[in-house]
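Colleague: I have a few quick questions about this one. Can you put it up on the screen?

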Amino acid sequence: MKSRVTYILIAVLFLFTTSGTLLAQSQEQIEKFNKERKVYFTEKLELTDSEAKAFWPLYEDFQNRKMKLVEDERNTWMYAHKNADNLSDKEILETLEKGFTLKDKQQLLEREYYQEKFLDALPAKKVLKLGKVEWDFRRHLIHKLRDEGKGKGRQSKGAGRPSDDVEALPISPDPFLP
């Protein structure tokens, strides 16, 4: 009995110590990402010190609120798909409504920040440029991850990967826009 309790305690301690290490690692990665994003945006938007001071708290708030809505929407759809066979038609319709309501809230949030709050911190031209900078930063990260993968021998050029000498087609940040 004592050996069983000892084994359980060791297992629990192991889980706590590893989860702390994993949490610290991901917190470190988050901080690295945020720092890189800040440098990239500040450079590409050519933010002055006063603009950066006014912009970054707004942008962080915007991103946190947007990510919460995105996560809620993703969880709604995951739940619906996982339980589709067990949901009544009424529950399915309610889930569809909830998913689209969350999508609408994301759009309203973007409108609020891009048409009001960001304009309090930045000139209109920089607010307009912000959407492109966000999109370019995502592409920058994807290219960076691909390059890191090449160095480790995990990825090679294959089907679906353009060669370096072929210019990529422009892609709209929103797949629903032309």
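Colleague: How many residues does α2 have, and how far does α2 reach from its first C-alpha to its last?

Modeller: Keep in mind that this is a predicted model. In it, α2 has 34 residues and spans 48 Å from first C-alpha to last. That is close to the 50 Å expected at 1.5 Å a residue.

Colleague: Where in α2 is the kink?

Modeller: The kink is at Phe55, shortly before the proline Pro57, and comes to about 30°.

Colleague: Which residues of α2 are buried?

Modeller: They are Glu51, Ala52, Phe55, Trp56, Tyr59, Phe62, Gln63, Lys66, Leu69, Glu73, Thr76 and Ala80.

Colleague: On to the core. How many residues are in the largest nonpolar core?

Modeller: The largest nonpolar core has 21 residues. Those with the most contacts inside it are Phe41, Leu47, Phe55, Trp56, Tyr59, Phe118 and Leu130.

Colleague: Which helices supply at least two residues of this core?

Modeller: α1 (2-45), α2 (49-82), α3 (89-121) and α4 (124-151) each do. α2 gives the most, with six residues.

Colleague: What does Leu47 touch, not counting residues up to four places away in sequence?

Modeller: On that count, Leu47 touches Phe41, Thr42, Ala52, Phe55, Trp56, Leu122 and Lys126.

Colleague: Where do Phe62 and Tyr113 sit in the chain?

Modeller: Phe62 is in helix α2 and Tyr113 is in helix α3, 51 residues apart, and the pair links these distant parts of the chain.

Colleague: Are Phe62 and Tyr113 buried or exposed?

Modeller: Both are buried.

Colleague: Which residues form the aromatic cluster?

Modeller: Phe33, Tyr40, Phe41, Phe55, Trp56, Tyr59, Phe62, Tyr113, Tyr114, Phe118 and Phe137 form one cluster.

Colleague: Now Arg37. Why does Arg37 count as buried?

Modeller: Arg37 counts as buried because its relative accessible area is 6%, and the cut-off for buried is under 20%. Arg37 is in helix α1.

Colleague: What is Arg37 in contact with, leaving aside its neighbours within four places in sequence?

Modeller: With those neighbours left aside, Arg37 is in contact with Trp56, Tyr59, Glu60, Gln63 and Phe137. The side chain of Arg37 also makes a polar contact with the side chain of Asn34, at 3.2 Å.

Colleague: And Gln106, is that buried or exposed?

Modeller: Gln106 has 8% relative accessibility, so it counts as buried. Gln106 is in helix α3.

Colleague: Which side chain does Gln106 join through a polar contact?

Modeller: That of Glu73, at 2.7 Å.

Colleague: Last one, Leu102. How far apart are Leu102 and Leu69 in sequence and in space?

Modeller: They are 33 residues apart in sequence and 6.2 Å apart in space, C-alpha to C-alpha. Leu102 is in helix α3 and is buried, with a relative accessible area of 7%. Not counting residues up to four places away in sequence, Leu102 touches Leu69, Asp72, Glu73 and Thr76.

Conventions: Residues numbered from 1 in each chain as written. Predicted model: local features only at pLDDT ≥ 70, side-chain atom pairs only at ≥ 80, totals over all residues. Heavy atoms only, no water. Core = buried A, V, L, I, M, F, W, Y, C linked by side-chain atoms within 4.5 Å. Buried < 20%, exposed > 50% of the residue type's maximum accessible area, 1.4 Å probe, protein only. Helix = DSSP H or I, 4+ residues; strand = E, 2+ residues; numbered from the N terminus. Contact = heavy atoms within 4.5 Å. Polar contact = N/O pair within 3.5 Å; in protein donor to acceptor, adjacent residues only side chain to side chain. Phe/Tyr/Trp six-rings, centres within 6.5 Å; stacked < 30°, edge-to-face > 60°. Expected span 1.5 Å × (residues − 1). Bend = angle between axes of the 7 residues up to and from the residue.
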